[in-house]
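Let's take a walk through this one together. Keep the viewer open and follow along as we go.

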Amino acid sequence: MEWGLREELRDCLVAAAPYGGPIALLRNCARREKSPGARPLLDTFSASGLLLASIPWKSGQVVQLGWTASEDLLCIQEDGTVLIYNLFCEFKRHFSMGNEVLQNHVLEAKVFHTEYGTGVAILTGAHRFSLATNIDDLKLRRMPEVPGLQKPPSCWAVLSQDRVTIVLLAVGQDLYLLDNTSCSVVTPPGMSPSAGAYLQMAVSFNYRCLALFTDTGYIWMGLATLKEKLCEFNSSIRSPPKQMVWCMRPRSRQRAVVMAWDRQLMVVGNSTECIQFVLDEDSYLVPELDGVRILSRTSHEFLHEIPEASQEIFKIASMAPGALLLEAQKEYEKESQKADEYLREIKDQKLLPEAVSQCIEAAGYEHEPETQKSLLRAASFGKCFIDKFPPESFVRMCQDLRVLNAIRDYQIGIPLTFTQYKRLTIEVLLDRLVLRRLYPLAIRICEYLRLSEIQGVSRILAHWACYKVQQKDKSDEEVAYAINQKLGDTPGISYSEIAARAYDCGRPELAIKLLEYEPRSGEQVPLLLKMKRSKLALSKAIESGDTDLVYTVVLHLKNELNRGTFFMTLQNQPVALSLYRQFCKHQERETLKDLYNQDDNHQELGNFHVHSSYSEKRIEGRVGALQNAVDEYYKAKNEFAAKATEDQIKLLRLQRHLQEDFDKPYLDLSLHDTVSTLILDGHHKKAEQLYRDFKIPDKRWVREGSSGCTGVPASRGAQ
Amino acid sequence: MAAHLSSGRVNLTALREEHEVEKMFTLKPGRLPQADVKNIIFFVRPKLELMDIIADNVLREDRGRSPQRDFHILFVPRRSLLCEQWLKEQGVLGSFIHREQYSLDLIPFDGDLLSMESESAFKECYLESDQTSLYHAAKGLMTLQALYGTIPQIFGKGECARHVANMMIRMKREFPGSQNSIFPVFDTLLLLDRNVDLLTPLATQLTYEGLIDEIYGIQNTYVKLPPEKFAPKKQGEGGKDLPTEPKKLQLNSAEELYAEIRDKNFNAVGSVLSKKAKIISAAFEERHHAKTVGEIKQFVSQLPHMQAARSSLANHTSIAELIKDITTSEDFFDNLTVEQEFMSGIDTDKVNNYIEDCIAQKHQLIKILRLVCLQSVCNSGLKQKVLDHYKREILQTYGYEHILTLNNLEKAGLLKPQTSGRNNYPTIRKTLRLWMDDVNEQNPNDISYVYSGYAPLSVRLAQLLARPGWRSIEEVLKMLPGPHFEERQQLPTGLQKKRQHGENRVTLVFFLGGVTYAEIAALRFLSQMEDGGTEYVIATTKLINGTTWIKSLMEKLEPAPF
């Protein structure tokens, strides 16, 4: 380990993230009472012990540290506040576990991971449990009370069963299960009656298995559902282990529990015997998917079950096909004829494909590049003697190992095993490299694995750029230039996202410069609005052609600017103006009039008045509106419309008289229908007066006259 | 689950079956109808008027009812910030659990026909300068290209076409990463503005399908017909139970007979129908000749198909009879004569007697407007005196409220005073051969058969683009409104087509602002021409005819009762 710690691990709060993740240490916290002046130090290290960051701890008393699934550091304080820091000890945000926790304080806390994300479980001073299953979507759950609980439970754990998170706790010789609504007493099957009180419990990485340690040194191992016992063991050590964790491989039947006391490490499983190791110094166990990491001041080890393929090949005097193939290849290099003998032996049993697969698989489990190479060489050698052995598995393994060896380097410090790597996926691994700001390595891995640009390189470059804008020592020009140089037109890069980050860092000028590089004008708009560059936003929105976006900006401007300036701005943007007119037509007709007034559009004003005249409830109102229209039409030099509207007014007035005189509805009949009705009703004089007043063409007059005389008005026929 | 639909047609049958949709309602203000469902989904176009209705629906929802109903909103074709903002201001945005979009831009209507079904596209683009529908069109074309490959050549004519092409090029630049690796299906995209060819929709369509649409109106491939002709003919009943519900029929190329006759000139439909009738009755006669069991079995196996053919024939014979009643009427003939006179350039510059008579008899206003607009377009605008006369006649006869409609038609360029003093139409007509005197309706050799003499300008442009190219008609193109242009979209070398001899090019013709059935028929005719060398697929903002088109431009003013 690189870290060169002076303190003992037992004096520190330790948290190490799974999947070869980083380690956080809070030092001096134990000595706080002795010398209150000295502030504790919060450090983060890579798994190889390289210091990532170090800050003096200035907040309250920390009870527990933990890592989230996305490698953020959680610091759970005594008052129930949880502070979230990133890998580099930069504060991100905080949240509270609720009032109850604040009042009663945190006694113990655990950070756990389920399919919902990272959760936090709290045991308060009032011996109540509070849970949050996903800290990114915080929903606090207060678990039901345990009846008669007077002192804190001796041990407890969080279980996840059927997508429900529950708490298992032990008080003396009793086990309680707390779910959302109830508390029930449970007894593990096959538990020896003389086992005694529970001191320690451990849940496996996948929540499938549970181990219980009692004060008689008895260990019960079984399924976490408490429906089946797997095995038991009597350690005859009566003091509780400092840590107890499961050590097992996915899909393996060999399950074991590792326990650590001060100077002793014990592995017990389905066997009457156990394996014991001596610990030279304080150690800390980190449960992993396929084993246990053991941290100490000077070393960092990995304890795991040897996978079957490796056992077969490296077992002493093994005759497994893989072992023979490895031997054959070694002899071949020595140019010995024994190579042929070994090869024949495998081929005779028709096991060559299996031998090759075994060697490939075993190579994956090896950490030493030399051993990996010799196994791969053997596989490659064996491949030559098989027709059509599909090459994918071999190629894939070579690539994976190259990536794994690169990240396991102590300067990178992510000691992933092959199994963990496959579970984690390459995408997540790239994210983690990005989080550690190891951009060049991440890009090289993308290029090496030929990942698509959008998934790989451009995403990483975008992250890099977001980091770059935070560097305050460089001028806006320099940063913008540097970013554009590196990113260019790489597909899938969102300059607006980078610009948004720059704006959040208080660099609006830089943000605008970066936005210039954004090809999607639609993307520029929201940020420009946020930065109060509304006019620029408007022209970008128009450029995009997306009318919805234009509307959004226009309505934004409407609220932001005073009316005069708002109209002026629209005046310069005809597209926005016509859209706004549409909006007004439906929602604010009065504004429409102002808009037309502003650009002296008398024709439209005339139309506007005609339109509104039809919503007038009284005839005087109608006439008034129409008169306005006449004035506007004259101003627009539209003689025809003005005259026609004047005629309309004249007709309306006349119709009112007719209606009064003849007590018959005349209003809103057309001129033609008015005349026809008059003729039909025998008011020929009146009809003739209309004919003269409105200059009805002779041709139609004759027709109307005739149709009127025959008593079949054309108008009725057509209706 | 219950779904709410707004204007615009979406085929929800599939969704309905998959997700157990209980009921479907059309959107209307007020309280939502009772339905014992948990989820209510609104399918809507992103329009503010509709948002008001939805807000009203949600606000009137009974809060006390149990179980509470969940609301979801699905915008077609795109989510709109404006609408969501609007809902928020009405205080109902929070009531929607899901707000999603259903990116349905182009709806397939037939094997070679796509429509956006955006009724007001023409009005929005040309009267209101609202180019929303063009944005949707560009998006739709991008989706089409994502599915069928980048279209290497884009041609266009008109302002809107230019705008759509610009947006497509911009959208392509915005996503440089999405390099399309699909072998292109289309060789050419032709974008045409409706206002380049205002004439065609005004004329009465004379194809079978066109006439059905002109007379009865085809809505979303369905037509409603008067039921009398479809009464089941049974002896003894003597027609006492005549159906009163209109007969609803679906019309598309899946029906063999319809596929054959839909694009024919109506005058050629009769002979096809009688020939079909003979074939079918001959086929039914076969049964008397069937001797062996095997022969009978074979006959029976063909029976369903024959029966379907027979009922299809019966339907179309009835429809043809209905149409014939109208096309043989005097008024139809007079109207057509006037139309044809205008299109062939006779007496377009003076007031037309027939139109005057129709106004005096107060024929339907839309008919008058179609004729007057047709005359105006065929004369590159009317003399001020003539125009004013028509307008005065219309206002006096149909009411002064139509002044706004006339104003709209003028703004759209359908009705205008002749400004330049020169009439370009004769030049255009001659150069593009828009009027063909020797039209053959039975066995056409030119697209002019769809209007019995007039070759639709829009389709002529498409035809000349394919051969010999637009360079030959440069002068005429300049006379038509808006720019014409050509854009090329670079294809990766691997995807460039190596044309086999005799292989057809495929051109997608996109009509911005609507297309008529007759134009579609003309393009299908070109596709089928033996030496044509080009196949056409048609896309549009909306399927229109002169009546629906003019209607969309009319201002509906209802006087408030005094």
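B:Arg79 has a relative accessibility of 35%, so this arginine counts as partly exposed. Keep in mind that what you're looking at is a predicted model. The partner of B:Arg79 is B:Glu84, and the two form a salt bridge whose closest N and O atoms are 2.7 Å apart. B:Glu84 sits at a relative accessible area of 9%, so it falls on the buried side of the 20% cut-off.

Stay in that part of chain B for a moment. B:Val76 and B:Pro77 are joined by a cis peptide bond, with omega at about 0°. You'll find B:Pro77 in the loop that runs between β4 (70-75) and α3 (81-89) of chain B. Most peptide bonds are trans. Chain B has another cis bond for you to look at, from B:Arg467 to B:Pro468, with omega near 5°. Here too the proline is in a loop, this time between α18 (457-466) and α19 (474-479).

Further along chain B there's a salt bridge between B:Glu486 and B:Arg488, with 3.0 Å between the closest N and O atoms. B:Glu486 has a relative accessible area of 38% and is therefore partly exposed, while B:Arg488, at 57%, counts as exposed. Salt bridges can also share partners, and A:Arg10, A:Arg263 and A:Asp282 are joined into one network that way.

Now for the surface of chain B. B:Leu147, B:Tyr148 and B:Val185 make up a nonpolar patch of about 280 Å². B:Tyr148 belongs to helix α5, which spans residues 132-148, and its relative accessibility of 39% makes it partly exposed.

How do the two chains meet? In chain B, 51 residues are in contact with 58 residues of chain A. Together the chains bury about 4600 Å², and 59% of that is on carbon and sulfur atoms. Three salt bridges are counted between chain B and chain A. A salt bridge to look up by name is the one from A:Asp673 to B:Lys362, where the closest N and O atoms are 2.6 Å apart.

An unreviewed UniProt entry annotates residues 493-701 of chain A as "domain: Vps16 C-terminal". In the model that stretch is 78% helix and 0% strand, and its end C-alpha atoms are 74 Å apart. The unreviewed entry also has a "coiled-coil region" annotation, covering residues 325-352 of chain A. That segment comes out as 75% helix and 0% strand, with its end C-alpha atoms 8 Å apart.

Which of its residues are buried? They are A:Ile426, A:Leu429, A:Leu430, A:Arg432, A:Leu433 and A:Val434. An α-helix has 3.6 residues a turn, so residues three or four places apart point the same way. The buried residues of α9(A) pack against α7 (392-408), α8 (418-424), α10 (439-449) and α11 (457-468). After α9(A) comes A:Arg437, with a positive phi near 60°.

Positive phi turns up elsewhere in chain A. Most residues other than glycine have a negative phi. A:Ser236 isn't a glycine, yet its phi is about 55°; this serine is in the loop between β20 (229-234) and β21 (243-247), and at 61% relative accessibility it counts as exposed. A:Arg251 isn't a glycine either and has a phi of about 65°. Its loop links β21 and β22 (256-260), and with a relative accessibility of 82% it counts as exposed.

A:Ser48 is also in a loop, between β3 (41-45) and β4 (51-56), but at 13% relative accessible area this serine is buried. Leaving out residues up to four places away in sequence, A:Ser48 touches A:Met1, A:Glu2, A:Tyr410 and A:Gly413. A:Asp409 is 361 residues away from A:Ser48 in sequence, while their C-alpha atoms are 8.7 Å apart.

Finish with one more salt bridge in chain A, between A:Lys513 and A:Glu477, at 3.5 Å from N to O. A:Lys513 is in helix α14 (508-515) and A:Glu477 in helix α12 (476-487), so the pair ties together parts that are 36 residues apart in sequence. A:Lys513 is partly exposed at 30%, and A:Glu477 is partly exposed at 49%.

How values were computed: Residues are numbered from 1 along each chain as its sequence is written. Chains are lettered from A and ligands numbered from 1 in the order in which they are written. This is a predicted model: local features need pLDDT of at least 70, side-chain atom pairs count only at pLDDT 80 or more; totals for chains, interfaces and linings use all residues. Side-chain values use heavy atoms; hydrogens and water are left out. UniProt positions are given in the numbering used here, feature names are shortened, and annotations may be inferred rather than shown by experiment. Helices (H or I, at least four residues) and strands (E, at least two) are DSSP runs, numbered from the N terminus. Patches are made of residues with over 30% relative accessible area and no salt bridge: like charges are joined within 9 Å, nonpolar side chains (Val, Leu, Ile, Met, Phe, Trp, Tyr) within 5 Å. Accessible areas come from the Shrake-Rupley method with a 1.4 Å probe; for residues, only the protein chains shown count as cover. A salt bridge is a side-chain nitrogen of Lys or Arg within 4 Å of a carboxyl oxygen of Asp or Glu. Buried means under 20% relative accessible area, exposed over 50%, partly exposed in between (1.4 Å probe, protein chains only). Contact means heavy atoms within 4.5 Å. Buried area is the accessible area (1.4 Å probe) that two parts lose on being put together, summed over both.
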